[in-house]
Amino acid sequence: MVSQSMFQRGKSKVTRKRYHDDSSKKKSKKQKPTKQESEEEIESDVEVNSGDELEITKPMKDFHVSEDEDEVETPAQKKVRLAKQYLAELAEQEKDKLADESEDDDDNILDDRIKQRLKEEHLEQIGKLRRSIAHEFVGYDAGKIVTLKHRFQKSPLTCVCFSPDEKTLFTGCKNNILLKWEVATCKQLLKADLCTKNGDMKGRRFTNCMAISSDGKFLAVGDGSTDIQVFCPSTLKFLGLLKGHRAIVNALVFRKGSHQLYSASADRSVRIWSMDDMAFVEALFGHQTPVTGIDAHIRERAITSGGSDRSVRIWKIVEESQLVYSGGHDGSIESVKLINEETFLTSGDDGQLCVWNVNKKKPLTSVKLAHGTTEKGHANWISAITTVLNTDLVASGSCDGFLRVWRLSENFSKITELFSVPVEGFINDLRFMDGGNKIVACVGQEHRLGRWWTQKQAKNCLLIIPLVKSSSDGDDDE
């Protein structure tokens, strides 16, 4: 703790004493200046008062700014430089797209595309970007479905995530092995053992959840305990261990464009972590039961589902406040996903899908028994949902034997089922890739959180399902 004396105003006693001693010495040795010294004093442009502490050792004409000081970049100059660099990167990306589309590299066309790109990014940041793509899809291509299985992951798969360029993906299951795959060749590249990365680790470890940063530098893994393991995605090298939760970590997400990690735990808390320092930042409390799901986008906010407390909370981290939404579900809210910064989707063990707006406390619309009922008449638990951000395309999975793809109406007032894909087993995680042209499903014989039911006829695997667009889109067909 810093002492208050360090912030006292005025000169210190030491400074006054030093000045007094110096001046007395100068007075005692003071001699009558020579004619040459007098002329030098008259020619000097600097007037030194007796009370000044500053001692000028060189004439002002010799003062100059060093090259290093002259090259110091101001904040305004830095903003301009980064803006020019970003525009140059956008121009290169759009040129490559024009070349792939076999269009002329016209400056006017390029400028229009850059302007459109900047406009979309601005709307995305303020939460008002909306693209309608769901009407383009009419089904799936059963002949091109890819199944990934590996002898190291014979247990039910629990989660999946992609690298930012979607060239590689990572899978986790109910054992201690984490695998990295190459998407193009479906080849397994690397593996990591969650039980051997730290000497303090004891007991069973399994991949419960995972998330990757938007720049692809950090891969965070919930290992079925109170800890979070951090890896380098390119090499699967162990980077560190995040400790702080008092119960199992259920969900992880990185804020887009940052190294800020949000974690949701069964200890009813949400924690914020800094990957640059590999350290805990802040804990958020409010949920009354274990936190089951979490999501985030560009804003410094996190949205969480509170399980059996039947609430969804938006944490405004900068404002240090939270918004609470309840009343939409009859049971536990198990998953939450952002559609855009102002709209989100939830699902639960009551079989409902609900669409919400941040400005309203009740759902805009909902679908009851979205995946039907069991033989005993109970609702099928919706175990996974996913969205294509800033669009009207969403999907859900359960254990009823179907993966269902949905379309949202223009004002989010209605959910319509587009088609369903037969999938045997529990769908424990879902992700869209390639802008919604493909959907990836983690399938297992059991639910990822427990062993309440078992479907022995199902296969523990990862499915990559290509979606088919309508013939009016021509070359976009899968």
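Predicted model: local features only at pLDDT ≥ 70, side-chain atom pairs only at ≥ 80, totals over all residues.
A residue is called buried when its relative accessible area is under 20%, exposed when it is over 50%, and partly exposed in between, using a 1.4 Å probe and protein chains only. Residues are numbered from 1 along each chain as its sequence is written, and side-chain values use heavy atoms, with hydrogens and water left out.

**Surroundings of Thr 391**
- Thr 391 sits in the loop that runs between strand 23 (384-387) and strand 24 (393-397), where strands are DSSP runs of E with at least two residues, numbered from the N terminus.
- A polar atom of the Thr 391 side chain lies 2.6 Å from the backbone oxygen of Val 388.
- Leaving aside neighbours within four places in sequence, Thr 391 is in contact (heavy atoms within 4.5 Å) with Arg 130, Arg 131, Ile 133 and Ile 339.

**Strands 19 and 20**
- Strand 19 (residues 333-340) is largely enclosed by the rest of the structure, because seven of its eight residues are buried.
- Strand 19 pairs with strand 20 (residues 343-348) in the antiparallel sense over six bridges, pairing being assigned if DSSP finds at least two bridges between two strands.
- A hairpin of two residues joins strand 19 to strand 20, and Lys 337 stands opposite Leu 345 in strand 20.

- Met 278, in the loop between strand 13 (269-274) and strand 14 (279-285), has a positive phi of about 50 degrees although it is not a glycine, and at 25% relative accessibility it counts as partly exposed.
- Glu 320, in the loop between strand 17 (311-316) and strand 18 (321-326), has a positive phi of about 55 degrees although it is not a glycine, and with a relative accessible area of 68% it is exposed.

**Nonpolar cores**
- A nonpolar core is a set of buried Ala, Val, Leu, Ile, Met, Phe, Trp, Tyr and Cys residues joined through side-chain atoms within 4.5 Å.
- In the largest nonpolar core, which has 22 residues, Leu 393, Leu 403, Leu 430 and Ile 439 touch the most other members.
- Strand 29 gives the most to this core, with four residues.
- Not counting residues up to four places away in sequence, Leu 403 touches residues including Phe 419, Leu 430, Ile 439 and Ile 465.
- Another core, of 15 residues, lies apart from it and has Leu 148, Val 160, Val 183 and Met 433 among its members.

Terms used
Polar contact = N/O pair within 3.5 Å; in protein donor to acceptor, adjacent residues only side chain to side chain.
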